[in-house]
Amino acid sequence: MRDQAEKLRLKMENPKLARSIAVVSGKGGVGKSNFSTNFSYNLSKRGARVLIMDMDIGMGNVHILLGESTQHALSDYLLGNCGLEQLVKSYLPNLDYISGGSAMTSILDWNDLMLSRLLNAFETLQNAYDYIVFDMGAGATEWTLQLIEAIDDIIVVTTTEPTAIMDGYSMVKYIHMNCKDKNMYIVVNRSLTLEDGKFALKRIKNTAFHFLQENLKILGSIPEDMNVRKAVQQQKIFSVLYEKTAATKALQDIVETYVLGQEKRQMI
Ligand SMILES: Nc1ncnc2c1ncn2[C@@H]1O[C@H](COP(=O)(O)OP(=O)(O)OP(=O)(O)O)[C@@H](O)[C@H]1O
Ligand SMILES: [Mg+2]
């Protein structure tokens, strides 16, 4: 299966195919799903065709954040109960999503058939989009690693709390040890001040470099912003609802940095 993932990734180096991004964290609840939806939306606003894939299977909340109810979830497809065409939902122009499902439709044990179906779907979808953003569940398992093997870029999201930074670093280490040649980026969410954000980014970047010689690229920090919560309550993307709020500006900046293939140097 690792071979299939590896082959898929090599094929993806064809620039006509979608670039794939996995949004991961060590600790749960740091803001991955909100980051994934808003990052995807801001990418789509620049004219790119974007697909969000909710990989938090059985506990997915991308569709909830988007205020949608879905008939088919990724688990149905993986179990062979529906086709790919029934799975992809259009949300906004240039922005589609696939629900992870929230019925605890317990896919507790991944098997090779499911992973193979997932990689086949991925292969087909690559032709239809410019970016595919995978919103991963917290932590990592063996099958997460196999999927990550097929993905181009990993964005590690953490908050500024020491516990989240530590768990974020552990995630970086886990991916570093198990997958080769990954572009890894970091985003710090819910920073209380610019300094607080910078400190957390610097700490995780320096630690990864010191212990792993892994060069994490800094994408930036997103401030603690009341409007994020308000948008979650209203089940809307915060960048849609609050175009001028601080978190939206930070997201636009992060998307710009990512698209230009840069790193936020002034943050270090
Ligand atoms: N920048 C922010 N400012 C204020 N609140 C935030 C911010 N980012 C996230 N939150 C809050 O944190 C909550 C959790 O965010 P989210 O669901 O995106 O985390 P997650 O990492 O996807 O969680 P899980 O690990 O369970 O999948 C949100 O519902 C929101 O209330
Ligand atoms: Mg989530």
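Author: One begins with terms. Helices (H or I, at least four residues) and strands (E, at least two) are DSSP runs, numbered from the N terminus. The model is predicted: local features need pLDDT of at least 70, side-chain atom pairs count only at pLDDT 80 or more, and totals for chains, interfaces and linings use all residues. Residues are numbered from 1 along each chain as its sequence is written, chains are lettered from A and ligands numbered from 1 in the order in which they are written, and side-chain values use heavy atoms, with hydrogens and water left out.

Reader: How many helices and strands are there in the chain?

Author: The chain has 12 helices and eight strands.

Reader: In what order do the strands form the sheet?

Author: Two strands pair if DSSP finds at least two bridges between them. Here the eight strands form an open, mixed sheet in the order β3-β4-β2-β5-β1-β6-β7-β8. Because β3 (89-92) and β8 (217-223) each have a single partner strand, they stand at the edges, and one side of each is left without a neighbour in the sheet. From one strand to the next, the twist averages 25 degrees; axes are lines fitted to C-alpha atoms, for helices over the stretch in contact, and angles run from 0 to 180 degrees between N-to-C directions.

Reader: Which strands pair with β1, and in which sense?

Author: β1 runs parallel to β5, joined to it by five bridges, and R19 has Y131 in β5 as its bridge partner. With β6, β1 pairs in the parallel sense over four bridges; there A22 is partnered by I154. β6 (residues 153-158) is in turn joined by six bridges to the parallel strand β7 (residues 183-191), where I186 stands opposite V156.

Reader: Which strands does helix α12 lie across?

Author: Contact means heavy atoms within 4.5 Å. Helix α12 (residues 246-259) lies across β1 (19-24), β5 (131-135), β6, β7 and β8, and runs at about 170 degrees to β8.

Reader: What does Q235 touch?

Author: Q235 lies in the loop between α10 (226-233) and α11 (238-241). Leaving aside residues up to four places away in sequence, Q235 touches I64, L65, L66 and G67.
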